[in-house]
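Take a walk through this structure with the model open beside you.

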Amino acid sequence: MLIWVRNVVFAITTVLKALWVTLRSWFQTYHPARRTFTEKYEFPELPVVISPRYRGFHRFDLTSCIACNRCARDCPINCIYIEKEKVPGRKGFRVTSFIIDYTKCMFCGFCTENCPVDCIFMGQTYDLSCYSRSGCIVDFARLPLEIAWGWGTLNPTAVALSKLVTQPVDEGPSL
């Protein structure tokens with residue numbers, strides 16, 4: 001009987017301590033001197049300041065890529081897809097499609113570390129909001145050069161417009 005009473009008292013004191021922590025946090029939340037997260041950052045109008053070492057969406061330089069497939073091989077979850085073709089009269093390959101599936105990417109940075117020509121690196125963009133999963137599959141060979149190289153912001157509109165492009169942007173018009 002004594003063990004039962006001790007267990008009941010222990011349960012009641014534990015619940016009261018938990019309620020006290022909850023109430024204390026609740027009162028601190030509504031303290032007039034405390035600002036909320038949205039007041040501090042004002043996200044849509046004023047983006048959050050990010051650190052220089054932040055690993056955001058990739059940046060890719062299509063003109064310096066030698067299509068060695070090291071980034072695709074080193075990716076632990078296989079979210080990089082590269083298509084290439086042999087260039088007649090020239091040594092090496094030309095990248096015709098460089099796709100990263102951001103629904104699978106975990107932003108580990110392994111693809112950027114082993115690139116022999118440093119054509120892929122981590123960017124500072126962190127927002128690629130879209131209503132469908134196809135908006136998270138980015139073909140860097142079809143993006144405009146200023147966005148792919150990091151001069152512009154990678155946004156859902158540019159990704160949607162890149163799906164309408166039929167050939168890589170560095171090729172120019174086909175003859």
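The paragraphs below cover cysteines, a surface patch, salt bridges and cavities.

This is a predicted model, in which local features need pLDDT of at least 70, side-chain atom pairs count only at pLDDT 80 or more, and totals for chains, interfaces and linings use all residues. Residues are numbered from 1 along each chain as its sequence is written, and side-chain values use heavy atoms, with hydrogens and water left out.

Begin with the cysteines. A disulfide here is a pair of cysteine sulfur atoms within 2.5 Å. The whole structure was searched, and zero disulfides turned up. Take Cys65, which is in no disulfide: its nearest cysteine sulfur belongs to Cys119, 4.0 Å away. Cys68 has Cys115 as its closest sulfur partner, but at 5.8 Å the two are too far apart for a bond.

How covered are these residues? Buried means under 20% relative accessible area, exposed means over 50%, and partly exposed lies in between (1.4 Å probe, protein chains only). Cys65 has 15% relative accessibility, so it counts as buried. Cys68 has 30% and is partly exposed.

Now turn to the surface. Met1, Trp4, Val5, Val8, Val9, Ile12, Val15, Leu16 and Leu19 form a nonpolar patch there, with about 910 Å² of accessible area together. Such patches are made of residues with over 30% relative accessible area and no salt bridge; nonpolar side chains (Val, Leu, Ile, Met, Phe, Trp, Tyr) are joined within 5 Å, like charges within 9 Å. The areas come from the Shrake-Rupley method with a 1.4 Å probe, and for residues only the protein chains shown count as cover. Val9 belongs to helix α1, residues 2-29; helices are DSSP runs (H or I, at least four residues), numbered from the N terminus. Val9 is partly exposed, at 48%.

Next, the charged pairs. A salt bridge puts a side-chain nitrogen of Lys or Arg within 4 Å of a carboxyl oxygen of Asp or Glu. The count is two. Glu85 pairs with Arg94 at 2.2 Å, N to O. Glu85 is partly exposed at 32%, and Arg94 is partly exposed at 26%. Arg142 pairs with Asp139, with closest N and O atoms 3.9 Å apart. Both Arg142 and Asp139 are buried.

A cavity is a set of points on a 1 Å grid over the protein atoms alone where a 1.4 Å probe fits but cannot get out; lining residues have an atom within 4 Å of a point. Two cavities reach 30 Å³ or more.

Terms used. Helix = DSSP H or I, 4+ residues; strand = E, 2+ residues; numbered from the N terminus. 1 Å grid on protein atoms, 1.4 Å probe; cavity = no way out; pocket = protein on both sides within 12 Å on 5 of 7 lines; lining within 4 Å. Points joined across faces, edges and corners; volume = space filled by probe spheres on them.
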